[in-house]
Amino acid sequence: MASGVATTPEFTYEPSPWIDFFAAHEPLPLQGSLEWITNRADELKEDIRVLLSTRKNTTERMFLLDTLQHLGIDYHFEEQINMVLRQILESEISNSNLHEVSLRFRLLREQGHWVSPDVFNKFRSEDGSFIRDIMNDTKGLLSLYNATHLLVHGKKTLEEAMDFSRHHLKLLSGSLKFPLDKQVQQALCTPLPRTNKRVEMMHYIIEYEQEDHTLILLELAKLDFNLQQHVHLKELKAVTRWWKDFSGCIRLSFIRDRVVEGFTWASVLFYDTGFEFVRSIITKMIVLITTLDDIYDNHATLEDCRKLNEAIQRWNHSAVSILPKYLKKFYMEMLTTFQNIEVEMPININYYIAHLKRAVQNNVMGYLHEAEWSHQNHKPSFVDHVKLTSLNIGVPAICVSMMTCMNDQMMKPALDWAASVPDVIIAVGKISRFMNDIGAFERRKCKGDLPSTVERYISEHCVTSEVAITRIDALMEEEWMTLNQARFKNHALLPALQQFICLAISTTFFYGNRNDVYTHSTHIGCTIESLFIKPI
């Protein structure tokens with residue numbers, strides 16, 4: 001999403017294929033009563049707790065934890081998993097193979113436990129190169145490749161390991177069998193630490209069933225997924241009807257109808273059935289930011305931009321009088337949406353909504369700044385462009401809305417931290433901005449608003465688009481390192497940080513592989529069907 005002032009004929013987007021469908025869709029009944037599914041899931045969870053407590057071997061515990069994460073059911077066992085992680089951290093791995101060492105490294109680093117990259121020195125020869133014995137160890141190389149994506153600034157040895165494992169996985173990829181061949185292809189496309197968990201579990205449940213599997217894990221994963229899908233579909237129907245009422249009232253023909261895509265984004269971030277309110281507020285923030293973006297980007301004059309910014313900074317009903325006629329209903333509906341969020345806020349969530357209002361106000365001030373640049377034909381430096389547009393993409397507001405998931409003890413420090421827009425949120429914003437601009441690069445060529453970061457880099461450095469994208473990819477890697485490094489700095493805020501990292505990861509689903517499937521959502525039709533319509 002990029003903002004400016006429309007200087008070309010009004011830009012139009014493809015209509016959403018989903019809104020009318022989900023507004024009227026009646027879900028199929030669950031395979032079994034809700035009471036039976038809940039009781040059966042509780043029985044399976046107890047069996048798995050026993051399994052976690054009885055696995056004494058460190059390697060077995062790691063493999064079990066890895067499987068729980070792949071299947072997306074690890075959130076049921078947080079207390080037991082924290083205990084397992086402490087045991088893994090304290091265990092010796094001197095006799096372990098490459099797969100085991102790499103898995104331990106990844107599992108611990110992802111949860112904020114520092115592990116030195118020196119653990120991989122045992123797989124290097126005296127001259128520092130990797131030993132030949134591991135060059136055909138596909139599972140070990142795959143595990144190493146995934147682990148190296150948790151590197152931090154200044155650790156060149158992990159960059160070397162990443163290049164080495166990527167090279168040999170590509171050499172081996174043509175001779176592998178299912179499911180290892182698919183796992184290698186997926187990792188080379190998007191490594192596991194950057195793969196969205198909800199999407200990963202859909203694929204892995206099918207793969208796991210065809211492997212040597214533990215039946216109780218597979219059964220719980222299927223029951224859990226189908227129950228979540230049933231709940232999500234009801235919520236999607238409700239939020240779709242909200243959007244039909246909202247968009248029908250404001251009547252802006254030039255905006256994107258992306259409420260289904262917005263809810264998809266919210267549900268891949270928070271899929272646990274207990275996060276209904278979190279999904280609702282994130283969805284509404286995503287579509288409100290998208291609408292504001294399209295107003296500034298595609299239709300508003302500079303004077304309209306200024307007036308809308310002034311009204312949003314004032315944030316009261318009387319400010320509607322300064323707005324042009326076509327924006328009055330949108331403004332009033334936006335204020336009503338925030339009022340309804342406050343009313344609907346569960347009593348057990350001690351959330352200070354003023355932070356969210358301020359985040360939206362800051363976002364709109366950024367849009368106006370871009371509009372001024374565009375109107376003046378100002379060409380900011382690439383650095384200045386990134387500094388502004390990485391915040392205007394909406395990440396700070398989404399991060400603030402995500403904090404409604406925090407428990408009462410964590411709520412205030414997490415919310416205050418998110419509202420301060422720390423370096424980690426700026427890093428998430430840069431990743432989102434770069435991925436968005438790369439994914440939308442071809443589409444944006446016909447637009448007349450402020451150039452994207454890719455276009456700005458091409459102009460400033462006089463390079464081709466491919467060179468610009470390659471260099472911006474390298475800048476993105478720096479931001480991933482910033483996020484990885486943050487895991488080891490402030491353990492008290494780690495739960496909030498993990499949510500910010502999840503938001504960065506979710507951008508790979510919507511903007512990865514040089515696509516923009518948020519705007520062009522027909523490309524994720526099969527995924528939307530699998531997430532919300534087709535039970536496993």
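Mentor: Let us begin with Thr138, which, leaving aside its neighbours within four places in sequence, is in contact with Leu169, Leu172, Leu176, Leu180 and Val184. Contact here means heavy atoms within 4.5 Å. The model is predicted, so local features need pLDDT of at least 70 and side-chain atom pairs count only at pLDDT 80 or more, whereas totals for chains, interfaces and linings use all residues. Residues are numbered from 1 along each chain as its sequence is written, and side-chain values use heavy atoms, with hydrogens and water left out.

Trainee: Why is Thr138 called buried?

Mentor: A residue is buried under 20% relative accessible area, exposed over 50% and partly exposed in between, with a 1.4 Å probe and protein chains only. Thr138 has 10% relative accessibility and therefore counts as buried. Thr138 belongs to helix H6 (residues 138-148), where a helix is a DSSP run of H or I with at least four residues, numbered from the N terminus. Its C-alpha lies 12 Å from that of Ala187, 49 residues away in sequence.

Trainee: Is Leu292 buried or exposed?

Mentor: Leu292 is buried, because its relative accessible area is 2%. This residue of helix H12 (residues 276-298) touches Leu308, Ile312, Phe330, Val360, Val364 and Tyr367, neighbours within four places in sequence being left aside. With Val364, 72 residues apart in sequence, the C-alpha separation is 7.6 Å.

Trainee: What makes Thr12 count as exposed?

Mentor: Its relative accessibility is 60%, so Thr12 counts as exposed. Thr12 is placed in the segment before helix H1 (19-24).

Trainee: How do you know whether Trp315 is buried or exposed, and whether Asn377 is buried or exposed?

Mentor: Trp315 has a relative accessible area of 15% and is therefore buried; its loop runs between helix H13 (302-314) and helix H14 (325-344). Asn377 has 55% and is therefore exposed; its loop joins helix H15 (354-375) and helix H16 (382-392).

Trainee: Why are H3 and H9 called roughly perpendicular?

Mentor: Two packed helices are described by the angle between their axes and the distance between the axes. Axes are lines fitted to C-alpha atoms, for helices over the stretch in contact, and angles run from 0 to 180 degrees between N-to-C directions. Angles under 35 degrees are roughly parallel, over 145 roughly antiparallel, 65 to 115 roughly perpendicular and the rest oblique. The axes of H3 (residues 58-71) and H9 (residues 197-209) come within 7 Å and cross at roughly 115°, so the two helices are roughly perpendicular to each other. Thr67, Gln69, His70 and Leu71 of H3 meet Lys197, Glu200, Met201, Tyr204, Ile205 and Tyr208 of H9.

Trainee: How do the residues of this contact divide by class?

Mentor: They comprise five nonpolar, three polar and two charged residues. Ala, Val, Leu, Ile, Met, Phe, Trp, Tyr, Cys and Pro count as nonpolar, Asp, Glu, Lys and Arg as charged, and the others, Gly among them, as polar.

Trainee: What makes H10 roughly perpendicular to H24?

Mentor: The axes of H10 and helix H24 (residues 525-532) come within 8 Å and cross at roughly 105°, which makes H10 roughly perpendicular to H24. The contact joins Phe225, Gln229, His232, Leu233 and Leu236 of H10 to Glu529, Ser530, Leu531 and Phe532 of H24. By class, five of these residues are nonpolar, three polar and one charged.

Trainee: Which residues have the most contacts inside the largest nonpolar core?

Mentor: They are Tyr351 and Met403, in a core of 176 residues. Such a core is a set of buried Ala, Val, Leu, Ile, Met, Phe, Trp, Tyr and Cys residues joined through side-chain atoms within 4.5 Å. Met403 touches, among others, Tyr351, Met411, Leu415 and Phe500.
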